[in-house]
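Q: Please take a close look at the part of this structure where the two chains meet, and describe it for a reader new to it.

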There are 2 protein chains.
Amino acid sequence: MESVGTQGSAAGEPGTYAHDVLAVVLRITGVVPSVLLWQRAREPHAGRWSLPGGRLGADEDVEASVRRHLAEKVDLAEVAHVEQLGVYSDPHRGPAPRRVATAFLGLVPTDADPAVPGDTAWHRVDALPTTAFDHGAITRDGVDRLRAKLSYTNIGFALAPAEFTVSELRDLYAAALGHRVSATNLQRVLTRRGVLVPTGETAAPGPAGGRPAAVFRFSEHVLRVTDPFAALRPPGEPG
Amino acid sequence: MESVGTQGSAAGEPGTYAHDVLAVVLRITGVVPSVLLWQRAREPHAGRWSLPGGRLGADEDVEASVRRHLAEKVDLAEVAHVEQLGVYSDPHRGPAPRRVATAFLGLVPTDADPAVPGDTAWHRVDALPTTAFDHGAITRDGVDRLRAKLSYTNIGFALAPAEFTVSELRDLYAAALGHRVSATNLQRVLTRRGVLVPTGETAAPGPAGGRPAAVFRFSEHVLRVTDPFAALRPPGEPG
DNA sequence: ACTGGTTTTCGCCTCGTGGTCGAAAACGTG
DNA sequence: CACGTTTTCGACCACGAGGCGAAAACCAGT
């Protein structure tokens, strides 16, 4: 009873499709996140800005593939975190021949300012240019994912520099989340969850003076869920 | 600079791959969830149990495709919820030719007992048979997803019958989560979030007597996140 | 009827978490 | 040394959730 596609892709066997990988690479720049885009040289959509990526190769899974393609646009060592976003497979998401894409979210810390090729640039997510295909919607999905994970994981490690003050981290979170964040609360929440540890050092005050700020760093640099979500935990376990 | 796969798939154009869709269809049976599996008739892996699914067709996106294939194994009207799980693309996840798969999670309420074809059956997830390809791991991912969403969404609507008592719902949650659940707490949490509403009726007591239980139903039958995750909300908004 | 067993329901308590506010600490400058 | 600035910390409050036990509402026997 296995039915197969009757028309198939344009150039290959019926039921096979070109598979792309894409990455929404975000970096906090000033007061909003920015996404890494490059300007397509060829048709279709020549001249339009699009997400970095390319074809899935024969001997790699999608994550290896997106890392390979990403390495052509940024220094991979500066991408602190990569995770799968989802599959985009609308038959009309682009001109024929049909392409199926697996999208990823990548995060770059603010202290890394990767050199990028001439066709590539960072674009503020609140002022995206016209993008190729559905890359604008995918970018929005990536930003949403980041915002959600900021509140229940330690994903901030992938956005923050190696060492930072609470005020700097507050500005980072505020930019990523799109609303004001209380430094008091941020520090308490993150330290209680054990993701923030003080280095013992203090940073020099700004030009206007003020109490010198304590320097912190993230305790781990791998993603971990820190908020065992609120409800319906197993009995007898601490919140 | 666009590099393409040099070997390509076995039968098609270089850089194109057969794309499958799969579904982890879960249903709470007794004290544990069960997953819908069917026994492969053909090679590769003939005789092995595998997840329902099939090839992505030419004029459908992955979600439409998985619904189409699912309709061959169960009555689609009884699948109360479908969501994307992720992409499985390890080049060696099965014998050549290579296949890329998008997996979905599907949920069937306990009061629907769909008739299934002769090659298809429900299997307890705590005693899975040897499965084809990586379908065992995908099933575990599906169960994990369900467990996570039970605590911060109203996804129970897709597992529960149309009407039920709190005790029945408690058993359902306990089976899905794999640990005991307090009926008191479950009712309070779900009613406070507005996902549980009383019908006003009461159910007949069991053979051993006891106070008749109030009958409830889910207020909505579409997925909604009910727990605005704990930390770092915008200022001035209610918890 | 009354008693005992059973199941459900509800109220009360505690605890942990997060939001808010204001005071105190620690710096610069005039 | 007073003043502005920035950071830090403690106090307070609200709320959500887990735990527990009493009360409610039923059945079966005596």
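A: Strand S1 (residues 16-29) of chain A and S1(B) pair in the antiparallel sense over 3 bridges; strands are DSSP runs of E with at least two residues, helices are runs of H or I with at least four, both numbered from the N terminus, and two strands pair if DSSP finds at least two bridges between them. Within S1(B), Tyr17(B) is the bridge partner of Tyr17(A).

This is a predicted model, in which local features need pLDDT of at least 70 and side-chain atom pairs count only at pLDDT 80 or more, while totals for chains, interfaces and linings use all residues. Residues are numbered from 1 along each chain as its sequence is written, chains are lettered from A and ligands numbered from 1 in the order in which they are written, and side-chain values use heavy atoms, leaving out hydrogens and water.

In contact (heavy atoms within 4.5 Å) are 56 residues of chain B and 57 residues of chain A. The area buried between the chains is about 4600 Å², with carbon and sulfur atoms giving 56%; buried area is the accessible area (1.4 Å probe) that two parts lose on being put together, summed over both. In chain B, Tyr17(B), Ala58(B) and Leu232(B) lose the most area to chain A, together 14% of what that side buries.
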